[in-house]
Amino acid sequence: MSVLSLNKTDLKEFLLIGLSKHPSLEPTLTFIFLFIYLMALVGNVLISIIISADPRLHTPMYFFLINLSILDICCTTAAIPKMLDILIMKRMAISYSGCISQLYLFTSALSTELILLTVMAYDRYVAICFPLRYTVIMNRMACVLLAGSAWVLGSVNSLTHTSLILKLSFCDEDTIDHFFCEIPPVLKLASSNTFVNDVVIVASDVLLGMICFLLTAVSYTYIISTIMKIRSAEKKKKAFSTCASHMTVVTIFYGGVIYTYVRPAFSDKMEADKVVSAMYAIISPVLNPVIYSLRNKEVINAIKKIFGKQALPQRK
């Protein structure tokens, strides 16, 4: 037992290469990702404050949007600070426990967001297809249960992957060709057999990824079918506008996740993984509040109302 334990704890830390191997690009990358991180934090915090402050936005859709903002903050916080540490302080090393913690936090946020986007699609389905029963079906208890289930399932999924990775040995190679600890690049370094891990990843892709994708697709099939039956062009446009933001976010998110987590099961080529990971780990959290703000008149009106009230005392 003692020998086995030592084999699994021989590696005390990993080395993260980061996004670029070209030193000349580091100042530019530092500025870009510091700016992106601040934008993600400010944007998601701001949209949460706006929703909380305006009673007109106290609806299921915006309740789920606050949860999405929290998850986006978790994603960026899990990935970007260490990347900036590499770029600014040149500290490429990350402890074994730090790497595992980062992997768990990011995977948990990613899994939860996947489920939450499906819940948000269901919310739009009920709103468009059953408008008269919307407040009854999507009552406060139902919203809390749906959001809570997303957080619990996401955490359980992440805990499963993390616990299996803790059983692996990392004795030979310690350099991760990535900018943070994510499941695929970490598994590449394992000196022990990762067959079980690969099977669980595929199972997770099917149970979470494919089922969530199919449920979202079915929801939007019914939504589009219902909208097309609306005779009024104005009402049809309004119905589409309530779904456009969510559809945009889902497209960006699913594209990156499917590429990173489904493809490694069938291919060993991971050269583009860092760029794709950046899409859903960094770019998506920045774009989400922008997409929901610019494409949503209710949010825009709430912003005008809040800033309008703040401007009134200055005018007197």
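Three strands form an open sheet in the order S2-S1-S3, with mixed pairing. Strands here are DSSP E runs of at least two residues, helices are H or I runs of at least four, and both are numbered from the N terminus. Two strands pair if DSSP finds at least two bridges between them. The model is predicted: local features need pLDDT of at least 70, side-chain atom pairs count only at pLDDT 80 or more, and totals for chains, interfaces and linings use all residues. Residues are numbered from 1 along each chain as its sequence is written, and side-chain values use heavy atoms, without hydrogens and water.

S1 (residues 13-16) runs parallel to S3, joined by 2 bridges. Leu16 stands opposite Ile176 in S3. Helix H4 (residues 96-129) packs on this sheet and touches S1, S2 and S3. Contact means heavy atoms within 4.5 Å.

Now the helix pair. H6 (residues 140-166) and H8 (residues 195-228) pack at about 170 degrees, with axes 10 Å apart. They are therefore roughly antiparallel, a label for angles over 145 degrees. Residues of H6 including Asn157 and His161 meet residues of H8, among them Asn197 and Ser204. By class, this contact has 6 nonpolar, 5 polar and no charged residues.

The largest nonpolar core has 62 residues, and Phe64 and Ile282 have the most contacts inside it. Such a core joins buried residues (under 20% relative accessible area, 1.4 Å probe, protein chains only) through side-chain atoms within 4.5 Å. H4 supplies its largest share, 15 residues. Another core, of 19 residues, lies apart from it and includes Phe14 and Tyr96.

Notes: Axes are lines fitted to C-alpha atoms, for helices over the stretch in contact, and angles run from 0 to 180 degrees between N-to-C directions. Angles under 35 degrees count as roughly parallel, over 145 as roughly antiparallel, 65 to 115 as roughly perpendicular and the rest as oblique. Ala, Val, Leu, Ile, Met, Phe, Trp, Tyr, Cys and Pro count as nonpolar, Asp, Glu, Lys and Arg as charged, and the others, Gly among them, as polar. Buried means under 20% relative accessible area, exposed over 50%, partly exposed in between (1.4 Å probe, protein chains only).
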